[in-house]
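Welcome! Let us look at this structure together, one question at a time.

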Amino acid sequence: MINIKTREGDEKMIVTKKVKRYVTLSLILTLFLSFFNCVKVNAYYSSGGAVNYADTWALSRNPDYPNFSKDCTNFVSQALHEGGLIPFDKQRGWYCEKVLWWWNWGQAWSVADSLRYWLLSANNAMYIGRWDYSSQSDFNFSLKPGDVLFYDWDSDGTYDHSAIVVVYARDPDSGINGVLQDQHTTDRKWAIWHLKPYNLNPLSTIIIAVRPQ
């Protein structure tokens, strides 16, 4: 004689185990997906790409971007975005885009002091150092290709100019060996990083460097 109650009990137990297993797997999957969605995906800075872009366009203008009379920060921003692969940040004003036939851009894209602030706050760039006239040696081994330089011509705390470090070599115009940068406004390719041979106010110039992330 078959014990119907026992069979029914076994079936119920099997079903209960299956339900528990399903619920457990669902919870694990939910937790995994929740964790994955919380992970921030960062776009890592390509310093080599930024340097290549800067060297390519140091003495000319990329027609895919607007050209400014004071073009230094527009140029550095292009290098960071096009070569360095840092994505636009429209919320914080670091972007440049064409809408129909006109251009829109944020202040952090085109103004040196605003770019400095954006890099250090939004990009979490590494602050490398600060140098006054007496500490601006030709070979500054704190600097690496891809670092961004900011120049405060009159030591008033507002940075007026930006450039990008590209190589350790010889400045073809001054003949000085050391860390070289690329820049726009006064277009220079491979200029000594402290600009002493070209700077009208070298004694009052403060330079800082940051390393984008």
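Q: Which residues is Gly84 in contact with, leaving aside its neighbours within four places in sequence?
A: This is a predicted model, in which local features need pLDDT of at least 70, side-chain atom pairs count only at pLDDT 80 or more, and totals for chains, interfaces and linings use all residues. Residues are numbered from 1 along each chain as its sequence is written, and side-chain values use heavy atoms, with hydrogens and water left out. Contact means heavy atoms within 4.5 Å. With those neighbours set aside, the partners of Gly84 are Tyr44, Tyr45, Ser46, Gly49, Ala50 and Ala79.

Q: Is Gly84 buried or exposed?
A: Gly84 sits in the loop between H3 and strand E1 (96-99); helices (H or I, at least four residues) and strands (E, at least two) are DSSP runs, numbered from the N terminus. Buried means under 20% relative accessible area, exposed over 50%, and partly exposed in between (1.4 Å probe, protein chains only). Because its relative accessible area is 0%, Gly84 is buried.

Q: How many Å apart in space are Gly84 and Gly48, C-alpha to C-alpha?
A: In sequence, Gly84 and Gly48 are 36 residues apart. In space, their C-alpha to C-alpha distance is 7.3 Å.

Q: What is the order of the elements of the chain from the N terminus on?
A: The chain has five helices and eight strands. Written from the N terminus on, the elements run α-α-α-β-β-α-α-β-β-β-β-β-β.

Q: What percentage of the residues in the chain is buried?
A: The chain has 213 residues. Of these, the buried share is 41%.

Q: Which helix gives the largest share of the lining of the largest cavity?
A: The structure holds one cavity of 30 Å³ or more. On a 1 Å grid over the protein atoms alone, a cavity is a set of points where a 1.4 Å probe fits but cannot get out, and lining residues have an atom within 4 Å of a point. Grid points are joined across faces, edges and corners, and a volume is the space filled by probe spheres set on the points; for the largest cavity this is about 40 Å³. Its lining includes Asn74, Phe75 and Gln78, and the largest share, three residues, comes from helix H3 (residues 72-83).

Q: Is Gln183 buried or exposed?
A: Gln183 belongs to strand E6 (residues 177-183). Among the residues it touches, not counting those up to four places away in sequence, are Ala58, Phe75 and His161. Since its relative accessible area is 4%, Gln183 is buried.

Q: Which residue does a polar contact of 2.9 Å join to Gln183?
A: A polar contact is a pair of N or O atoms within 3.5 Å; within protein, one must be able to donate a hydrogen and the other to accept it, and residues adjacent in sequence count only if both atoms are side-chain atoms. Here the 2.9 Å contact runs from the side chain of Gln183 to that of Gln181.

Q: Is Asn124 buried or exposed?
A: Asn124 is found in the loop between helix H5 (112-121) and strand E3 (126-131). Its phi is positive, about 60 degrees, although Asn124 is not a glycine. With a relative accessible area of 52%, Asn124 is exposed.

Terms used:
1 Å grid on protein atoms, 1.4 Å probe; cavity = no way out; pocket = protein on both sides within 12 Å on 5 of 7 lines; lining within 4 Å.
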